[in-house]
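Work through these exercises with the sequence and the structure side by side. Try each task before you read its solution.

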Amino acid sequence: MTLDDHPASTSVAPEQLVELEQVALRLLAMREHARLELTRKLTARGFPAPAIDVVLDRLEAEGALDETRLVERYVAERVEKGFGPLRIRAELNDKGVADALIEPQLRHLREAWPEHLAALHARRFGDTPPADRASYAKRARFLARRGFPTDMIRRLLRWND
């Protein structure tokens, strides 16, 4: 489908569609974006919503805009930086990505999350267990802010009351 074939394109100047597509492609060249993210950025630049829909539909059809690819790359990058499943899901939801695309990627890592949590903990706090409640709480808060579930944190820290 060309830009001219889209029903909404009749109300938008062809030059504006070309400019809009160039801006969208520049944004996508820098990094992957979700459709909602691109819509927000393009709207902030003053492009009309009908034109944005036309261009983003075309970019999706061509494969330049692909939320599945975004999720795969984003999850891998955030895991590498030490973030857990809860935070990654929340960040992707903020970008407008559907849970149906996020869940398979997070489920794929389900068995590896405890290892990622332990590696993050060791990198930040060393291999020694928490010495007291204050140390336990500090570690637990840090790990929770990174997006790991409370039960997983408790299993790692093994605090006995």
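**Exercise 1. Classify a salt bridge and its partners.**
Take the side chains of E77 and K81, which meet in a salt bridge. State the N to O distance, then say how exposed each partner is.

*Solution.* 
Step 1. Recall the rule: a salt bridge is a side-chain nitrogen of Lys or Arg within 4 Å of a carboxyl oxygen of Asp or Glu.
Step 2. Read the distance: E77 and K81 are 4.0 Å apart, N to O.
Step 3. Recall the exposure classes: buried is under 20% relative accessible area, exposed is over 50%, and partly exposed is in between (1.4 Å probe, protein chains only).
Step 4. E77 has a relative accessible area of 40%, so E77 is partly exposed. K81 is at 45%, so K81 is partly exposed too.

A note on the source: this is a predicted model, where local features need pLDDT of at least 70, side-chain atom pairs count only at pLDDT 80 or more, and totals for chains, interfaces and linings use all residues. Residues are numbered from 1 along each chain as its sequence is written, and side-chain values use heavy atoms, with hydrogens and water left out.

**Exercise 2. Compare two partners.**
E37 forms a salt bridge with R31. Which class does each residue belong to?

*Solution.* 
Step 1. The closest N and O atoms of E37 and R31 are 2.8 Å apart.
Step 2. E37 has 9% relative accessibility, so E37 counts as buried.
Step 3. R31 has a relative accessible area of 35%, so R31 is partly exposed.

**Exercise 3. Follow a network.**
Start from the salt bridge of R110 with E103. Which residues are joined into one network?

*Solution.* 
Step 1. The closest N and O atoms of R110 and E103 are 3.6 Å apart.
Step 2. R110 is partly exposed at 47%, and E103 is partly exposed at 21%.
Step 3. Shared partners link R89, D99, E103, R107 and R110 into one network.
Step 4. The count for the model comes to 18 salt bridges.
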